[in-house]
Amino acid sequence: MDCDTDMCCPQCGFSADNAQAEIGAPPRNDLRLKELLSCNDPPMDHEAKELLSLHLENQEVLSHLEERISLINSTLNDLDEKKKQVESRLREGQTALHPLRGTPSEVLGEIFRIVVDDFEEESKQNENSLQMNYPSWVLSHVSSRWRRTALSMPHLWTYLACNFDYANSLSHVFLLGAYLARSCGRQLAVTLHSRRSITGHPSLPIILLSCSRWRFAALSLPTSEYTAFNNIPGTFEQLKSVVLAMSTVDNEEEVPPGSITAFKHAPLTSIGTAGSIRLFHRAVDLPWDRIDSFHYEGFQASSSTTLTILDTTKNLKTAEVYIGGTLPANIQPCVNDSVQSLTFTGCIRNAAKLLPRLQMPNLTRLRIQLHEHHNCASKPILQSLSLPTGQFIKNMSLALREADTREVDGLVQLLTSTPILVRLEIVLAKQGSVNKLCRALSRESGLVEGLEVLTLKGLRGLKVSSQLIQLIKSRRSDAEGSVNLRRVKVDYAILVDESVQSAFRQLVKEGLEGPLLLKDGIEYS
């Protein structure tokens, strides 16, 4: 098609001047054509000649349009290909100019360390550092520079988590050897888990050869499998902390006393266990005279065994224990001059029996977590508790998530026996309890006058009244102008109220310290 104007398409020749010609000429009698199409009559001779002429003309126009479409599609494809080339060059330029490329190796290494450490803190028993999605492996397979950085940092390879239930192939043996080699002889933190026997497992010999480098170990194995560590020369010569999960056996009496001797000469200072504490105490030969920290994780507890550990571990400073079953009414006093921090988990009946019999003159931190909730008709929990006289507890935590207002009376009674308390944490979950508690803890009550840090949890969803603000203000100053309370932690949700926010902002200006907010266990300044 000829084009005589400057507005003509160079590809197909289209212009605005010939737009009408592009769609062909319409029939001169459109109504007659519609009439013919609505019936089966033949057109007259002159009508047939006219329709044939239009048909031939439209065939020519259609052919031209198809040619134009083909040219336009070819142009679009060409432009699309050029667009992809430009986008590719842009991506390459962005990659080349990415700030991470200019990051010093020291900073890059610190990022790697944070990634691996955070992952280790959140890892569970089914984690396996011999899988290729473990951070250390992932970071070393991104680029040659990242690989050099990862391989130059032994710290990234010093946490070994091995789940024998999954690491059962020869490829895992190869990965285990490479992993340990990259730790360059550093001390290791090791987590081993298996539900089955590990005897004959291809990874076991390599694991045993690394025992002399362990500084921490968390082992969850069948009870009989721990003896595999007994006769390894130099075993656990650097081990400071160990957690042993003891699986239940049909008859604990059949397990020879002291049959697990691997940890006897280790320089341990911290011991933890889960599962059967009675089996743990019977089967594992430990250097109890050096232990200063003990914690029990689980609920298959033997109360007498737990009390024996508390009473006989004379260098014990920190203990976290669960007292299960039913304690006898006439239990002997639990005497330990070295214990400074005690976390007790159990039912109210055992707490009421045990706490008054604690003879721990150096105890300064007490945490009570009561897992049994009484209904409202029963005797309030805290009114059943009392502490022995002569204790110098400065830090106390009480978890009473279902407590009602009557518990505050018991709390007042309990706090009366702790006049030098400086840190108090309380978990309550009812509006009336919070308001009554605030009134009971005000300076005018005379309780714990030296209180410096107050934490109130369980307030989420409650409409906290001005009592909380008044409590803080009363603790912030007295008639002589002295200030005791310097830090308050409260649930984040209560600060939705604008008046509470304003009051806290003013208190901060006056010197109240943060972090002030608690949200999902995270503290914010």
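Analyst: On the surface, Ile-72, Leu-76 and Leu-79 form a nonpolar patch with about 270 Å² of accessible area together; such patches are made of residues with over 30% relative accessible area and no salt bridge, nonpolar side chains (Val, Leu, Ile, Met, Phe, Trp, Tyr) being joined within 5 Å and like charges within 9 Å. Accessible areas come from the Shrake-Rupley method with a 1.4 Å probe, and for residues only the protein chains shown count as cover, while a salt bridge is a side-chain nitrogen of Lys or Arg within 4 Å of a carboxyl oxygen of Asp or Glu. This is a predicted model, in which local features need pLDDT of at least 70 and side-chain atom pairs count only at pLDDT 80 or more, whereas totals for chains, interfaces and linings use all residues. Residues are numbered from 1 along each chain as its sequence is written, and side-chain values use heavy atoms, with hydrogens and water left out.

Ile-72 is found in helix H2 (residues 45–96), helices (H or I, at least four residues) and strands (E, at least two) being DSSP runs numbered from the N terminus. Ile-72 counts as partly exposed because its relative accessibility is 40%, where buried means under 20%, exposed over 50% and partly exposed in between.

Leaving aside neighbours within four places in sequence, Phe-294 is in contact (heavy atoms within 4.5 Å) with residues including Ile-271, Phe-280, Trp-288 and Glu-320.

Note on methods
Buried means under 20% relative accessible area, exposed over 50%, partly exposed in between (1.4 Å probe, protein chains only).
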